[in-house]
Amino acid sequence: MRPVIPYVTAALLFGLGAYGVLRRRNAVLVLMSVELMLNAVNLILVTADTTVRAALPHSGQVFALFVIVLAAAEIGVGLAIVLQLYRLRADVSVDEVPLSEPPTTVDADVREAR
């Protein structure tokens, strides 16, 4: 089997995912794009495992399994963050997420006590 088709498909999937991460403003769509990129990596790992004979048997499939586990954890944490953001702001646009909060009065009181 020639591995050209899976490699080209994985490259297209990864490019589509990278485009989605860079261009989307909705946090859920950004998470979906990251998942698309991880699936492209899984396709490359499994294709490389079947075409290239490595010293360790089925190492690409094992790495793909680890990537699937990490993707599941990433989706769990990412969706929890998105739900909390929606509860606080009623919007899941990643452009309007403040990366640093202004200090509150409690923080100022703690600094003065030191």
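In helix α2, the buried residues are Ala-27, Val-30, Leu-31, Ser-33, Glu-35, Met-37, Ala-40, Asn-42, Thr-47 and Asp-49. Here, buried means under 20% relative accessible area, exposed means over 50%, and partly exposed is in between (1.4 Å probe, protein chains only).

A word on what you're looking at. This is a predicted model, where local features need pLDDT of at least 70 and side-chain atom pairs count only at pLDDT 80 or more, while totals for chains, interfaces and linings use all residues. Residues are numbered from 1 along each chain as its sequence is written, and side-chain values use heavy atoms, with hydrogens and water left out.

Now step back to the whole chain. There are four helices and zero strands, so reading along the sequence gives α-α-α-α. Of the 114 residues in the chain, 21% are buried. Take the contacts (heavy atoms within 4.5 Å) with a separation of 6 or more: 55% of them come from residues 24 or more positions apart.

Back to α2, and how it sits against α1. Helix α1 covers residues 4–23 and helix α2 covers residues 27–51; the two pack at an angle of about 160°, with their axes 8 Å apart. The axes are lines fitted to C-alpha atoms, for helices over the stretch in contact, and the angles run from 0 to 180 degrees between N-to-C directions. The pair α1 and α2 is therefore roughly antiparallel. For that label the angle has to be over 145 degrees; under 35 counts as roughly parallel, 65 to 115 as roughly perpendicular, and the rest as oblique. The crossing of α1 and α2 is left-handed, meaning that the near helix is turned anticlockwise from the far one by less than a right angle (clockwise would be right-handed).

Who meets whom there? On the α1 side, the residues include Pro-6, Tyr-7, Leu-13, Phe-14 and Ala-18, and on the α2 side they include Val-30, Met-37, Ala-40, Ile-44 and Thr-51. Sorted by class, this contact of α1 with α2 has 17 nonpolar, six polar and no charged residues. In that sorting, Ala, Val, Leu, Ile, Met, Phe, Trp, Tyr, Cys and Pro are nonpolar, Asp, Glu, Lys and Arg are charged, and the others, Gly among them, are polar.

Ala-18 is a handy spot to look at in α1. At 24% relative accessibility, Ala-18 counts as partly exposed. Ala-18 and Met-37 are 19 residues apart in sequence, yet 7.0 Å apart in space, C-alpha to C-alpha.

Now for the other neighbour of α2. The axes of α2 and α3 come within 8 Å and cross at roughly 175°. That makes α2 roughly antiparallel to α3. By class, the contact of α2 with α3 has 15 nonpolar, five polar and three charged residues.

Asn-42 is buried, with a relative accessible area of 11%. Leaving aside neighbours within four places in sequence, Asn-42 is in contact with Ala-64, Val-67 and Ile-68.

Gly-60 gives you a view from helix α3. Gly-60 is buried, at a relative accessible area of 7%. Not counting residues up to four places away in sequence, Gly-60 touches Leu-45 and Asp-49. Gly-60 and Ala-48 are twelve residues apart in sequence and 6.8 Å apart in space, C-alpha to C-alpha.

Last, check the lengths. The 25 residues of α2 reach 36 Å from first C-alpha to last, close to the 36 Å expected at 1.5 Å a residue. That expected span is 1.5 Å times one less than the number of residues. Helix α3 (residues 59–89) has 31 residues and should span 45 Å; its end C-alpha atoms are 44 Å apart, which agrees. After α3 comes Ala-90, whose phi is positive, near 60°.
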